[in-house]
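Here's a quick briefing to read with the model open. Have a look at the structure first, then go through the points below.

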Amino acid sequence: MPTPNDLNLPDAKPENGRLIDPARSRGSVGMRENPVLILTDDLRRGREIASDLSLLTEWIAVRLVTDAADDFDAALVVSDIAFSRPSSIAGLRARLARAASPVRAHVCVIRRDTPHDRAQANALGASSIVNVKQRAEGLRAGLAPFLPRRAAPKTQPSVAASRAMTDLLEAARSGGFVPPALADKGAEVVRKALDDVAIRGWLEFVWRFDDATHQHCMLVAGLAAAFASTLGFSRSDTLRLTRGALLHDIGKARIPIEILNKPGSLTQAEWTVMRTHAPTGFELLAGQGYDDETLAIVRSHHELLDGSGYPDGLRGDAIADVVRLVTICDIFAALIEKRPYRRAISCEEAYGILSKMDGKLDRDLVRAFKPVALASGEPAFARAAGRG
Ligand SMILES: [Fe+2]
Ligand SMILES: [Fe+2]
C-alpha cells in the first residue's frame with residue numbers, strides 16, 4: 001500500500017509551500033480547512049494539477065488512486081484518470097466511496113472531450129467536468145466557490161513589507177539614499193507573506209492601501225513573487241525579481257503629486273512628465289549599490305519587444321528576461337487596479353488583454369503567467385486610484 005512518502009514527487013518542493021505532501025508537512029491535514037485532494041493515476045499529471053492549484057489553495061493532498069487506504073478528507077476532489085483503464089475507474093470509485101465526509105465538489109479532468117468520457121465523468125459523480133486543455137480555468141471555476149475565502153494577511157511579513165515600501169518611497173521622495181538592504185528586506189517579507197497567504201490573500205491586503213503608488217508597487221512585487229514561484233525560481237532569484245518589482249516605479253516618488261493622483265485622464269504634456277518616472281528611478285538608484293538587473297527593471301519596465309515602449313525604445317533581445325517578467329506583472333497590475341478614468345478590469349479580462357499583446361510581450365512568459373493571473377481573485381474591492 002503506498003504511503004505519502006512513497007509518492008516520490010520530485011517537484012513537490014515544500015519550500016514553494018504549494019504542493020504539499022501532508023505526511024511531511026506541518027501538522028495534519030485535519031488542522032487545515034478543506035485541502036483539495038488530487039486523485040490521479042499519473043503522478044506527472046498530478047503534479048501539473050498541483051501546480052495549477054498552487055496559487056489557488058494552500059493545502060493540496062496528492063494521493064495515488066490504487067489501493068491507498070488513507071483517511072484524508074475528500075470534501076474537495078480533483079480527479080484525473082485515464083478512462084481507458086478499468087482499474088483506474090474502479091480505484092477512483094472506491095476512493096470516493098470511502099470518503100470520510102461528503103464530497104462537496106468533484107472536478108473531473110477529462111483527457112479526451114468525448115460524449116463517452118463526459119458520461120463516464122458524470123457516472124463518477126463529477127460536479128464539474130474540465131477538458132484538460134482548459135484545465136487551469138476549469139479547476140478555478142469548479143473549486144473557487146468551495147474554497148474558504150482567504151483572510152487578508154495580518155501577519156508580520158505583510159505589515160513589514162508595507163513598512164519597507166513606505167520607507168523606500170519616503171527615501172526616494174526626500175531625494176536621499178534608498179538603501180539596498182531595505183529593498184532586500186522588503187523583498188524577503190513580500191516573499192514570506194506570499195508563502196503565508198498566496199496571491200489572493202496578498203491582493204486583499206494590498207487593496208486596502210489608499211496611496212496608489214504604494215499599492216501598485218506592493219501588488220507588482222506580490223505578482224512577481226508568485227510568478228517566480230510558478231516558474232520554479234530559486235529563493236535567491238525569487239528575491240531578486242521581487243526586489244526589482246518592489247522598486248520598479250520608485251521614480252514615481254519624484255513625479256508631482258497632482259499628476260500622479262490626477263482624478264482624470266492625463267494631458268499629453270502630463271503623460272510626458274509621467275513617463276520620466278522610469279529614467280528618474282534609474283538615476284535615483286544608480287551608484288547606490290544596486291545590481292544591473294534591478295537597474296534594468298527600474299529603467300526598462302515600460303519597454304516592449306516591438307520597440308514601441310519607453311524610455312529607450314528597446315527591442316527584442318535588448319530587453320532582459322527579468323525585465324520582461326516585471327513588465328507582464330506591471331501591465332496586469334495596472335489593468336486590475338481601479339483608475340480614476342475607468343473601472344477595474346477582472347483578472348480573466350486582464351489576462352485576455354495580456355495574451356493579445358503578441359509581439360509586444362514575451363508569448364511564452366505570458367502563457368506561464370496564466371496560473372498567477374487566474375489565481376489572483378477579483379479586483380472588485382480595489383480602492384486606490386492611480387496610474388501605473
Ligand atoms: Fe512604471
Ligand atoms: Fe508600474
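Phe-369 is buried, with a relative accessible area of 0% (buried is under 20%, exposed over 50% and partly exposed in between, using a 1.4 Å probe and protein chains only). Keep in mind that this is a predicted model: local features need pLDDT of at least 70, side-chain atom pairs count only at pLDDT 80 or more, and totals for chains, interfaces and linings use all residues. As for bookkeeping, residues are numbered from 1 along each chain as its sequence is written, chains are lettered from A and ligands numbered from 1 in the order in which they are written, and side-chain values use heavy atoms, with hydrogens and water left out.

**Aromatic rings**

- There are 2 aromatic pairs in the structure; rings of Phe, Tyr and Trp (its six-membered ring) pair if their centres lie within 6.5 Å, and planes under 30 degrees apart count as stacked, over 60 as edge-to-face and the rest as tilted.
- Phe-227 and Phe-369 are edge-to-face, because their ring planes meet at 70 degrees, with the centres 5.0 Å apart.
- That pair ties together parts 142 residues apart in sequence, because Phe-227 is in helix 7 (residues 212–230) and Phe-369 in helix 15 (residues 363–374); helices are DSSP runs (H or I, at least four residues), numbered from the N terminus, and strands are E runs of at least two.
- Phe-227 is buried too, at a relative accessible area of 0%.
- Phe-332 also pairs edge-to-face with Phe-369, at 5.1 Å centre to centre and 75 degrees between the planes.
- This link runs from helix 13 (Phe-332) to helix 15 (Phe-369), 37 residues apart.
- Put together, the ring pairs make a cluster of Phe-227, Phe-332 and Phe-369.

**Iron site**

- The iron ion (ligand 2) has His-216 (NE2), His-248 (NE2), Asp-249 (OD) and Asp-330 (OD) as its protein donors, 2.2 to 2.3 Å away.
- Donors here are N, O and S atoms within 2.8 Å of the metal (3.2 Å for Na, K and Ca); water is not among the atoms, so sites may look incomplete.
- The donor residues of the iron ion (ligand 2) follow the spacing H-x31-H-D-x80-D in sequence.
- Asp-249 bridges the iron ion (ligand 2) and the iron ion (ligand 1), and the two ions lie 3.3 Å apart.
- Asp-249 and Asp-330 are both buried.

**Charge over a ring**

- Arg-299 has its charged end over the ring of Phe-282, 5.1 Å from the centre (the cut-offs are NZ of Lys or CZ of Arg within 6 Å of the ring centre and within 35 degrees of the ring normal).
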